[in-house]
Amino acid sequence: MYNTLFKRSTGIQFSRRFAMIYGVIAAGTLLWCIAFIASPRLIEMGGIHSLFAIGFRYFYSFICHQNPDRSFHVLGHSMAVCARCTGIYFGALIGILTFPFTIGWFNEHSPWKKWLVIVIGLNLIEFTLSSLNLFSNLILRAGTGLTLGLGIASCALFAIFTHIQIRLKWRDST
Amino acid sequence: MTEKPSKLKPALIGGAAIAVFSSLPILNFGNCFCCMWVILGGVLAVYLYWKALPPSAEFTAGDGALLGLLAGLFGALFGSLLGLLMIGILDLNPGRDILNAIMEAGDEFPDEFESYMDDFDESSGVHPIFAMFSLTFSLIINSIFSTLGGLITASLLQKKRVNQPPMNE
């Protein structure tokens with residue numbers, strides 16, 4: 001029924017559908033990261049490229065304050081997102097790329113919920129400290145953001161593949 | 001097979017919540033924290049649907065993703081309309097403000113771009129290009145983040161129902 005690439009002890013077959021969904025998510029996240037990293041380079045190139053840079057910056061302005069003081073700089077220009085967002089998106093990319101080797105496709109007992117609570121807690125503490133100007137550091141912001149991105153990406157992928165797994169199990173049983 | 005409630009109502013409520021919180025001044029800064037309002041809109045839609053679901057009905061992460069997606073899309077549409085209303089009432093020109101902020105960030109843009117800036121200055125209120133881009137970007141961003149919120153919430157809530165096989169194949 002499904003084009004089997006390999007089969008684990010769970011009895012669930014890794015199908016093309018798994019690979020396709022995973023590929024689309026990974027490629028989309030990679031493009032997302034490339035877009036905000038490319039922004040300073042596009043400005044540097046000048047001309048029509050600058051308009052693309054403005055487009056990217058405008059796009060990311062919907063989800064990020066883009067404060068230059070709180071952003072990493074490349075080629076003398078700030079990135080299209082702040083340090084925290086940079087960490088979150090890179091964390092998500094790492095989480096997605098390493099998902100098959102860390103949590104795994106068919107892990108039914110992943111402790112991801114505990115991890116999600118821990119990373120959200122970490123980010124809230126850092127967010128509170130930096131909002132109150134008690135402690136402010138670009139690397140720390142990016143670092144806590146990285147853990148949040150890792151947590152969210154892992155949770156989302158886990159939810160997607162668990163959903164597919166339940167459906168496959170049900171189909172196989174009927 | 002147990003009848004499932006409509007997804008439209010919770011999605012509309014979630015979308016309305018996204019639109020209101022993302023459009024109101026000051027409150028909309030919440031979206032700078034990992035698109036908080038958009039994610040929470042998806043969470044709200046899934047929670048409302050889950051509450052209305054009969055105990056014997058199935059509930060999957062797929063339902064959550066779909067609810068989140070719908071809430072995000074409604075949120076983008078309502079948010080754009082509400083944004084236009086706010087621009088009219090408060091006499092704002094967000095297109096110009098955002099572009100100014102980009103320029104103030106220290107980046108140098110080509111001279112041709114100045115004509116676009118003047119265009120934004122002359123158009124009081126809403127510039128059609130700005131409105132079009134805003135709607136498109138909102139649709140993309142909301143659909144991604146709200147789906148994510150719906151998906152994760154559904155995974156958290158479905159544990160009680162996970163042993164029941166899906167029935168709507």
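## Surface and burial in chain A

The accessible surface of chain A comes to about 8500 Å², and 69% of that area belongs to carbon and sulfur atoms. Areas of this kind come from the Shrake-Rupley method with a 1.4 Å probe, and for residues only the protein chains shown count as cover. Chain A has 174 residues, of which 49% count as buried. Here, buried means under 20% relative accessible area, exposed means over 50%, and partly exposed is in between (1.4 Å probe, protein chains only).

A word on the basis of all this: the model is predicted, local features need pLDDT of at least 70, side-chain atom pairs count only at pLDDT 80 or more, and totals for chains, interfaces and linings use all residues. Residues are numbered from 1 along each chain as its sequence is written, chains are lettered from A and ligands numbered from 1 in the order in which they are written, and side-chain values use heavy atoms, with hydrogens and water left out.

## How chain A is laid out

Five helices and four strands make up the elements of chain A. Starting at the N terminus, their order is β-β-α-α-β-β-α-α-α. Helices (H or I, at least four residues) and strands (E, at least two) are DSSP runs, numbered from the N terminus.

Among contacts in chain A with a separation of 6 or more, 69% come from residues 24 or more positions apart. A contact means heavy atoms within 4.5 Å.

## Two nonpolar cores

A nonpolar core is a set of buried Ala, Val, Leu, Ile, Met, Phe, Trp, Tyr and Cys residues joined through side-chain atoms within 4.5 Å. The largest one holds 35 residues, and the members that touch the most others are A:W32, A:F36, A:Y60, A:I63, A:Y89 and B:F145. Elements giving two or more residues to this core include α1 (16-45) and α2 (48-60) of chain A, as well as α3 (61-90) and α6 (128-157) of chain B. The largest share, five residues, comes from α6(B).

Leaving aside residues up to four places away in sequence, A:Y60 touches A:W32, A:A35, A:F36, A:Q66, A:A80 and A:V81. There is also a second, separate core of 18 residues, with A:F99, A:F161, A:I164 and B:A61 among them. In soluble globular proteins, nonpolar side chains tend to be buried together.

## Aromatic pairs

Over all chains, the whole structure has 17 aromatic pairs. Rings of Phe, Tyr and Trp (its six-membered ring) pair if their centres lie within 6.5 Å; planes under 30 degrees apart count as stacked, over 60 as edge-to-face and the rest as tilted. In one pair, the ring centres of A:W32 and B:F145 are 6.0 Å apart with planes at 65°, so the arrangement is edge-to-face. Because A:W32 lies in helix α1 of chain A and B:F145 in helix α6 of chain B, this pair joins two chains. A:W32 is buried at 13% relative accessible area, and B:F145 is buried at 5%.

The rings of B:F74 and B:F78 have centres 6.0 Å apart and planes at 15°, so they are stacked. Both residues lie in helix α3 of chain B, four residues apart, about one turn of the helix. B:F74 is buried, with a relative accessible area of 18%, whereas B:F78 is partly exposed at 31%.

## A look at B:L139

B:L139 is found in helix α6 of chain B and is partly exposed, at 27% relative accessibility. Not counting residues up to four places away in sequence, B:L139 touches B:L73 and B:A76.
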